[in-house]
Amino acid sequence: MTQITGYSTHDIRFPTSLSGDGTDAMNTDCDYSAAYIIIHTTSESLKGYGMTFTIGKGNDIVVQAIKQLADKLVNKPIESLFNDMGAMWALLVSDSQLRWLGPEKGVIGIATGAVSNAVWDLYARSRKKPLWKLIVDMSPEEIVRSSSLRYISDALTPEEAVEILRERQSTKQDREENAVKHGLKAYSTSVGWMGYTTEKVQRLTKEALQQGFDHFKLKVGVSVDDDLARAKTIRDIIDDPQYQRSDKQVNLKALENKNAGPTGNVLMIDANQVWDVKEAVSYVKKLQPCKPWFIEEPTMPDDVLGHARIRNELKDTGIGVATGEHCANRVLFKQLLQAEAIDVLQIDACRLAGLNECLAVMLLAAKFNVPVCPHAGGVGLCEYVVHLSLIDYIYMAPSFDRNVVEWVDHLHEHFRYPVSVNSNGRYNAPTGPNVGYSIEMYQDSIERYSYPNGSYWKDEHPRLVNKAQEGRRVIG
Ligand SMILES: [Mg+2]
């Protein structure tokens, strides 16, 4: 009988603030980081890997929370956990003392995600399946039992959730074959970070078109004039026939209500929460000339009624509202859907408390018929979300024509089973018996980027080199 014997944790930080990658109106100096856990078992060859994402400072606090939660799993037989993954998740969230720190939000929420995802990774590896395949092979009842439906039954009952999944049974096989063969449509955020020069935006946009992308996202919110200028830089390229691939095909159904340009390309804008509600409406109206599909994170993520008002007041512009990457739990998503506050639901694999809660939110979205377009980027998010979108596409969404999954080409090289996009700008479905939830990092990367004692942070980071030049020590 295989048991969990213990775990190790790691505070891993990558120095992305040095390059301007990941910069937006709110987050100006991100060091993409992972609060990481490896679950060990009595079988040397079977480990579970999980992480949550932060942007630097405080990653150590999340690691401390992960330890407190992971203690609950030590000495548990793995099959007893796998038999009821809903109960596994409830075990993590129901500690009456730790619960005070949330409940189900903030540091303790994202730490719960890291730990529960490590158990899901362990489960998938033990069955020699990628995580997405483990889930789509489950019965509707088993998925619903594994989903965090507590507190949302006023919007979605377990019986309704089972019914949604039963309805998809007849198309499941076709959808799975299609997803494995063609992949899932991705969109590029790499072209439009706030810190990039015009020349860099032009170059990256042209490259993205050649890679097969037709949805692009731009960071906005610091200056209307600058935003319009950068949007024009992108639109001048994506709307110009000379820059399109000769084999480009336009799927009109996929472009419905997205303000697509003449060549079938779509622009989205993202403000990362910088505005108050009324300010959001007036600012976005000024950006109308760049014809975005939606404004992402126009205001504070907890403001359900604020999002509803923004969406309502932007209706006549044809610009929709999207949010989700900072939505702390399923209750917030429930209210956003009930209030008809969003056009697009941007689930985040690390912000929510693990796969159990992601399943619940995707089932909610299926019921409300709102497309799920996951937030990704950072470190590890792309690796996680491809699994979520495969589950959504194969087993949950009423239709997947309009869905796109965020893609940012950063830091994948640190993962043993990195995700990738194909030559048509689509995520490849992860396959193979050891891929799990795709979140295993190379040991070398873990050691080098561990903070503050990994070799990178001790010996190579420029700020340390600068200090050294002030007389402390000289490196490199
Ligand atoms: Mg965003």
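Reader: Is Asn75 buried or exposed?
Author: This is a predicted model. Asn75 has 9 other C-beta atoms within 10 Å. A residue with 12 or fewer counts as exposed. Therefore Asn75 is exposed.

Reader: Where is Asn75 found, and what is its phi?
Author: Asn75 is found in the loop between α1 and α2 (78–82). The residue is not a glycine, yet its phi is positive. The value is near 75°.

Reader: Glu297 also has a phi worth checking. Is Glu297 buried or exposed?
Author: Glu297 has a positive phi of about 45°, although it is not a glycine. Its place is in the loop between β7 (294–296) and α11 (304–314). Around Glu297 there are 28 other C-beta atoms within 10 Å. The cut-off is 20 or more, so Glu297 is buried.

Reader: Which residue joins Pro103 through a cis peptide bond?
Author: Pro103 is found in the loop between α3 and α4. The omega of the bond is about -10°. The partner in this cis bond is Gly102.

Reader: What is omega for the cis peptide bond of Tyr451 and Pro452?
Author: Pro452 has its place in the loop between α15 (443–449) and α16 (455–460). A cis peptide bond joins Tyr451 to Pro452. Its omega is about 5°.

Reader: Now the sheet. What is the strand order?
Author: The sheet is open and has three strands, with antiparallel pairing. The edge strands are β1 (4–13) and β3 (47–54), each pairing on one side only. The twist averages 15° from one strand to the next. The order is β1-β2-β3.

Reader: In β3, which residue is the bridge partner of Ile38?
Author: Strand β2 covers residues 33–41 and pairs with β3 in the antiparallel sense. The pairing runs over eight bridges. For Ile38, the bridge partner in β3 is Tyr49.

Reader: What angle does the direction of α4 make with that of β3?
Author: Two helices pack on the sheet. Helix α1 (residues 59–70) touches β1, β2 and β3, and its direction makes about 175° with that of β1. Helix α4 (residues 106–126) touches β2 and β3. The angle between α4 and β3 is about 150°.

Reader: What span should α4 have?
Author: α4 has 21 residues, at 1.5 Å a residue. The expected span is 1.5 Å times one less than the number of residues.

Reader: How many residues of α4 are buried?
Author: The helix is mostly covered. It is followed by Lys128, whose phi is positive, near 60°. Of the 21 residues in α4, the buried ones number 18.

Reader: How far apart do the C-alpha centres of domain 1 and domain 2 lie?
Author: Domain 1 spans 1–135, and domain 2 spans 169–426. Their contact takes 34 residues from domain 1 and 32 residues from domain 2. The C-alpha centres lie 25 Å apart.

Reader: Which element gives the largest share of the side of domain 1 that touches domain 2?
Author: Several elements each supply at least two residues of that side, namely β2, β3, α3 (85–93), α4 and α5 (131–136). Its residues divide into 16 nonpolar, 14 polar and four charged. The largest share is eight residues, and the element is α4.

Definitions and conventions:
Residues numbered from 1 in each chain as written. Predicted model: local features only at pLDDT ≥ 70, side-chain atom pairs only at ≥ 80, totals over all residues. Pairing = 2+ DSSP bridges. Helix = DSSP H or I, 4+ residues; strand = E, 2+ residues; numbered from the N terminus. Axes fitted to C-alpha atoms, helices over the stretch in contact; angles between N-to-C directions. Contact = placed C-beta atoms within 7 Å. Domains from an automatic or database assignment. Nonpolar A, V, L, I, M, F, W, Y, C, P; charged D, E, K, R; others polar.
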